[in-house]
Every structure is written in structure tokens, then in C-alpha cells.
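Welcome! Take a moment to look over the sequence and the model, and then let us walk through some of the details together.

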Amino acid sequence: MKTPKVTARAHTNIALVKYWGKEDEELIIPQNNSLSLTLDHFYTDTTVQFDPDLTADQFTLNGQAQETTKITKFLDIIRQMASSQLFARVESTNHVPTMAGLASSASAYAALALAGSKALGLDLSSKDLSRLARRGSGSACRSIYGGFVEWKKGDSDQTSYAVPLVENLDWDLKMIAIVVNDKQKKIASRAGMQTVVHTSPYYSAWVKRSKEDLSALKEAIKEKDFTQLGKIAEGNAMCMHALNLSATPHFNYFEAESLKAMQLVERLRGQGLECYYTMDAGPNVKVICQGKDLEAIMDLLSQEFSAEQLLVASAGPGARILEIENAERN
């Protein structure tokens, strides 16, 4: 018999203290703790149904059939947890550019973890959902929760998961995504991380710096110190990208428009509009600001970038079920 058809939604998150390198490649255990902000504007909706009539998993993304190797590997973990051998039909819609450095894999695997586990009758705690989502994409463990979220690196499958720091923010923070290129990035995150961990002479310094940044950022969040939050996030991002330039072979995610955006943010700060940038593994720049300055910052950014390139987000909610449709209704 078919399982219920379950639809879940999960939002992307942007790390302010980055995860960039694994201690365990198979279990996706990171080298350092990280801290992120979940965003409301970018999300993935995923519907999962397990069906005894299927002879293999099926996966569509934005209405197009996709290769299933990675999805099947992830679903195998859920099947093992539920003692099931049923194949699944997975339908996902990304409301965020895919593989462009806007954390689409985080929202994708968080939504798949929730929908897939619920479809097979598992009622996982948020902690166990976070552990499960991590096995698909490390940053997905943070998208189980809303607001500020810390991924505790741990040292095993049982101890590596995310925890919420402040889920319901009473702090009017905004993040502007400047989309300079929404195409698939030239170097996948996993490949980039492996190269950096194995070849950068500065990697151990990065791990030490990230621990210091994490402690300072948590204090800034506690005190609602925007200046400190912005400085830490911007500095941590640039340290991450410096690792890429120090790797062998060296690589980077910057494009000319990325550099233009960063220089513009620095110029805005010089004019008294406090804002800071961060970048993940992709060319798109995220600008962190306070709500009171959003309109003025957007006015100035719009002189250099089109309206379609400027996407505004606030703190978003955690992953949640949207619908459960019983098999009898199919």
C-alpha cells in the first residue's frame, strides 16, 4: 500500500560563522561549529510518497526529472530507520536558485528529511531531524530551525546536530541577496571543501579563528550588537574565501559583479549606512542590515543592480509539514 503523501517546507539559512571543511566526509561532520540565520524569502517545498509499485526512486525538481543517485542514498538512510524497502516519488520545488551559493541544498535536504521520514511513519524529534538532514547536506541540519541556529560539530553521527539559539527574533534584521549569477556554480561546495582541507596551509588557523568568531558572535546576538555581528560575519566570510585562494589548485567564487557589490557595501558604510556583506560558496553577495536602514540601502543598491537582482529576506521559520494526504485519497 502507498504511504501518505507528505509535503514539507524548509527555508534556506545563511551562515554568519561558516562551515567550510569536513572532519568526516561520509557522516558530514564538520571541522568547526557554525552559526546561521534562517531566511523567510528562500525555501524548498518537497512532496514524498513511498509506493510499492515503483521499482526505483523518482525525483523531479521544478517539474523536471532528475538523476536520483544522491536522493536514493539519502532515502536509503530513512528506509533503514523505518525498516522499509519501498521506493519513493519525490517532487521538489526550489524557491531559490539551485547550486548558486544561496543554500538551496540546505532547504532541499531539510524538507526531504521531514517529508520522507513522516511519510514512512517516523515521528522524529527536531534533534533527530537535524541529524538526518545533515547526512544529505551539512548546512541542512540548521534549516530544521528558524532564526539564529548553531550547528554543534560533535564527533559522531549521534552528536553532530544543530540547536536553536533564538528562534523568534525581536530584532529587525534584514538580509539582501544580490544575485549576480543564478546559474550553477563552477566548483561544488564539497569539492571546494576537500581541496581546502587537504591543501591550504592556513586551514588550522581558520578552525581556530572560527571558534573565536563563534564565541564573539553569540555574545553580539545576546547583546543585540549589530556592529559586532556585522563585522564578525564579514570577516569570517572573507577568511573562508581566503582559504580558497590559498589552496592547491587555488580557486575562487568571485565574479566582477561580486566585487562591485562588496565595494558598494563598503562605500555605503563610509556614508553612514551600516551594512555588511557575507558570501558562501557562490558569487552572490548577501548584505546584512537593520530594518530601519533597508529603504535607503535598497535605493542606493538599485542604482547599480536591477530589481530582479535584489531580494530581501527576514528571519525565517523552521521546517514544517504543509500537508499530509492519505493514500486512500489518491
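Lys-224 is found in the loop between helix 5 (203–223) and helix 6; helices (H or I, at least four residues) and strands (E, at least two) are DSSP runs, numbered from the N terminus. Lys-224 is not a glycine, yet its phi is positive, near 55°. With a relative accessibility of 40%, Lys-224 counts as partly exposed; buried means under 20% relative accessible area, exposed over 50%, and partly exposed in between (1.4 Å probe, protein chains only).

Before going on, please keep in mind that this is a predicted model: local features need pLDDT of at least 70 and side-chain atom pairs count only at pLDDT 80 or more, while totals for chains, interfaces and linings use all residues. Residues are numbered from 1 along each chain as its sequence is written, and side-chain values use heavy atoms, with hydrogens and water left out.

Ile-28 also has a positive phi, of about 55°, although it is not a glycine. Ile-28 is in the loop between strand 2 (22–24) and strand 3 (29–30), and at 2% relative accessibility it counts as buried.

## Helix 1 and its cover

Helix 1 covers residues 69–82, and its 14 residues should span 20 Å at 1.5 Å a residue; the end C-alpha atoms are 20 Å apart, which agrees. The expected span here is 1.5 Å times one less than the number of residues.

Which residues of helix 1 are buried? They are Ile-71, Phe-74, Leu-75, Ile-77, Ile-78 and Arg-79. What covers them includes strand 4 (34–51), strand 5 (58–61), strand 7 (87–95), helix 2 (104–119) and helix 3 (126–134).

Leaving aside neighbours within four places in sequence, Leu-75 is in contact with Phe-50, Asp-57, Ala-88, Val-90 and Leu-112, where contact means heavy atoms within 4.5 Å.

Ser-130 has its place in helix 3 and is buried, with a relative accessible area of 0%. Beyond its neighbours within four places in sequence, Ser-130 is in contact with Cys-141, Ile-144, Tyr-145, Tyr-161 and Ala-162.

Ser-137 lies in the loop between helix 3 and strand 8 (148–152). Is Ser-137 buried or exposed? Ser-137 is buried, with a relative accessible area of 11%. Outside the four places on either side in sequence, its contacts are Ile-28, Ser-105, Ala-106, Tyr-109 and Arg-190.

## An open sheet and its helices

An open sheet of four strands has the order 11-12-10-13, with antiparallel pairing; two strands pair if DSSP finds at least two bridges between them. Strand 11 (275–278) and strand 13 (310–313) stand at the edges with a single partner strand each, so one side of each is left without a neighbour in the sheet. From one strand to the next, the twist averages 25°. Strand 11 is joined by four bridges to strand 12 (residues 285–290), and the two run antiparallel. Thr-278 stands opposite Lys-286 in strand 12.

Helix 6 (residues 226–246) packs on the sheet, touching strand 10 (173–178), strand 11 and strand 12, and its direction makes about 25° with that of strand 11. Helix 8 (residues 294–301) packs on the sheet as well, touching strand 10, strand 11, strand 12 and strand 13; its direction makes about 10° with that of strand 10. For these angles, axes are lines fitted to C-alpha atoms, for helices over the stretch in contact, and angles run from 0 to 180 degrees between N-to-C directions.

## A cis peptide bond

The peptide bond from Thr-248 to Pro-249 is cis, with omega near -5°. Pro-249 is found in the loop between helix 6 and helix 7 (256–270).
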